Amino acid sequence: MKRILKPITYILAAIYFLVDAVFMAVARPISRWLGRHLEFKRLRAWIKSLPPYPSLALFSVPVIILEPIKPLAAYLVATGQFLSGVSAFVGCELLKLVLVERLFHLTRDKLMRIPAFAWVYGKFSEMKAWLQATEAWRAIRALSHAAKDFVVRAKAKLAGGFSRLVTSRD
């Protein structure tokens, strides 16, 4: 039984981390923007003043509240409410990742003082490194870069066409 479940567990974990990595590519810039533009000095100071275990509790809140929305979103999609399900999934996943990323940024040093957290984070980092070393990950990254380049070129072409349209009216 253990031989059967181990590969299935690795595959499911890889899929989960892949989905989170894709969303993190969007969430990280949002999180950085929020960090630069929204100054919650008192809140940030309070979070940084927390000891390790209360920091862990605070770090866990977005995950505990927003992670259960994934099955709800799957239910909505399965019952034919595709747009609602996808919107719930994407919105809550981005919100969760942005909050977790910001809280981790503020509490990382304290969280790493908790042996169990440091161990889990080490395993997470190993799994992420393994996933990023796979051929599938490299293929997805290549497709992602190609799509991003396509969007940039299309946007530039559209902007160029719009500026010619505006100048031709003058």
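How are helix 3 and helix 5 oriented to each other, roughly parallel or roughly antiparallel? Helix 3 and helix 5 are roughly antiparallel (the term for angles over 145 degrees, whereas angles under 35 degrees count as roughly parallel, 65 to 115 as roughly perpendicular and the rest as oblique). The model is predicted, so local features need pLDDT of at least 70 and side-chain atom pairs count only at pLDDT 80 or more, while totals for chains, interfaces and linings use all residues. Residues are numbered from 1 along each chain as its sequence is written, and side-chain values use heavy atoms, with hydrogens and water left out.

Two packed helices are described by the angle between their axes and the distance between the axes. The axes of helix 3 and helix 5 cross at roughly 170° and come within 9 Å; axes are lines fitted to C-alpha atoms, for helices over the stretch in contact, with angles running from 0 to 180 degrees between N-to-C directions. Helices are DSSP runs (H or I, at least four residues) numbered from the N terminus. In the contact (heavy atoms within 4.5 Å), helix 3 contributes P52, S55, L56, L58, F59, P62, V63 and L66, and helix 5 contributes C92, L95, K96, L99, V100, L103, F104, T107, K110 and L111. By class, these residues are 14 nonpolar, 2 polar and 2 charged. Here Ala, Val, Leu, Ile, Met, Phe, Trp, Tyr, Cys and Pro count as nonpolar, Asp, Glu, Lys and Arg as charged, and the others, Gly among them, as polar.

Helix 5 (residues 82-111) also meets helix 4 (residues 69-78), with axes that come within 7 Å and cross at roughly 165°. Helix 4 is therefore roughly antiparallel to helix 5. Their crossing is left-handed, meaning that the near helix is turned anticlockwise from the far one by less than a right angle (clockwise would be right-handed). On the helix 4 side the contact involves I69, K70, A73, L76 and V77, and on the helix 5 side F82, S84, G85, V86, A88, F89, C92, E93 and K96. This contact has 9 nonpolar, 2 polar and 3 charged residues.

Helix 2 packs against helix 5 at an angle of about 35°, with the axes 9 Å apart, and the crossing is right-handed. R44, I47, K48 and S49 of helix 2 touch R102, L103, L106, T107 and K110 of helix 5. The classes in this contact are 3 nonpolar, 2 polar and 4 charged.

A cavity is a set of points on a 1 Å grid over the protein atoms alone where a 1.4 Å probe fits but cannot get out; a pocket is an open set with protein on both sides within 12 Å along at least five of seven lines, and lining residues have an atom within 4 Å of a point. Grid points are joined across faces, edges and corners, and a volume is the space filled by probe spheres set on the points. The largest cavity is lined by L66, E67, I69, K70, F89, C92, E93 and K96. Helix 5 supplies the largest share of this lining, 4 residues.

The second largest pocket has a volume of about 370 Å³. Among its 16 lining residues, F40, L43, L99, R102 and L106 are the closest to its centre. Helix 5 gives the most to this lining, with 6 residues.

Terms used
Helix = DSSP H or I, 4+ residues; strand = E, 2+ residues; numbered from the N terminus.
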